[in-house]
Amino acid sequence: MSALDKAKNKADELAGRVKETTGKATGDESQENEGKADRAKADLKDTGEKVKDAFRK
């Protein structure tokens, strides 16, 4: 996995955490759920990159 891909995935995960936390603090379930979805998407991308790395070795 390239460092750039790792950084992008971490940035997406962090953005999701911020949305989720903001949604919880304000009582906005829609924003909270959007944050959870963003985090899940970042985790999925990270897993995909790890699978690619495994096949390259």
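In this predicted model, the axes of helix 1 (residues 3-26) and helix 2 (residues 29-56) come within 7 Å and cross at roughly 160°, where axes are lines fitted to C-alpha atoms, for helices over the stretch in contact, and angles run from 0 to 180 degrees between N-to-C directions. Helix 1 is therefore roughly antiparallel to helix 2, a label given to angles over 145 degrees, with those under 35 counted as roughly parallel, those from 65 to 115 as roughly perpendicular and the rest as oblique. The contact (heavy atoms within 4.5 Å) is made on the side of helix 1 by residues including Asp5, Asn9, Asp12, Gly16, Arg17, Lys19, Glu20 and Lys24, and on the side of helix 2 by residues including Gln31, Glu32, Gly35, Arg39, Ala42, Lys45 and Glu49. By class, this contact of helix 1 with helix 2 has 1 nonpolar, 7 polar and 16 charged residues; here Ala, Val, Leu, Ile, Met, Phe, Trp, Tyr, Cys and Pro count as nonpolar, Asp, Glu, Lys and Arg as charged, and the others, Gly among them, as polar.

The chain as a whole has 2 helices and 0 strands, both being DSSP runs numbered from the N terminus, with helices (H or I) of at least four residues and strands (E) of at least two. Its C-alpha trace spans about 45 × 15 × 10 Å along the principal axes. The radius of gyration of the chain is 14 Å, while a compact globule of 57 residues would have one near 10 Å; the radius is taken over C-alpha atoms, and the globule rule is 2.2 Å times the number of residues to the power 0.38. Buried residues make up 19% of the 57 residues in the chain, where buried means under 20% relative accessible area, exposed over 50% and partly exposed in between (1.4 Å probe, protein chains only). Among contacts between residues at least 6 apart in sequence, 46% join residues at least 24 apart.

Glutamate 32, placed in helix 2, counts as buried because its relative accessibility is 16%. Leaving aside its neighbours within four places in sequence, glutamate 32 is in contact with Lys19, Glu20, Gly23 and Lys24.

Lysine 41, at 48% relative accessibility, counts as partly exposed, and its C-alpha atom is separated by 14 Å from that of lysine 19, 22 residues apart along the chain. Valine 51 counts as partly exposed at 41% relative accessibility, and its C-alpha atom and that of alanine 40, 11 residues apart along the chain, are separated by 17 Å.

Residues are numbered from 1 along each chain as its sequence is written, and side-chain values use heavy atoms, with hydrogens and water left out. As the model is predicted, local features need pLDDT of at least 70 and side-chain atom pairs count only at pLDDT 80 or more, whereas totals for chains, interfaces and linings use all residues.
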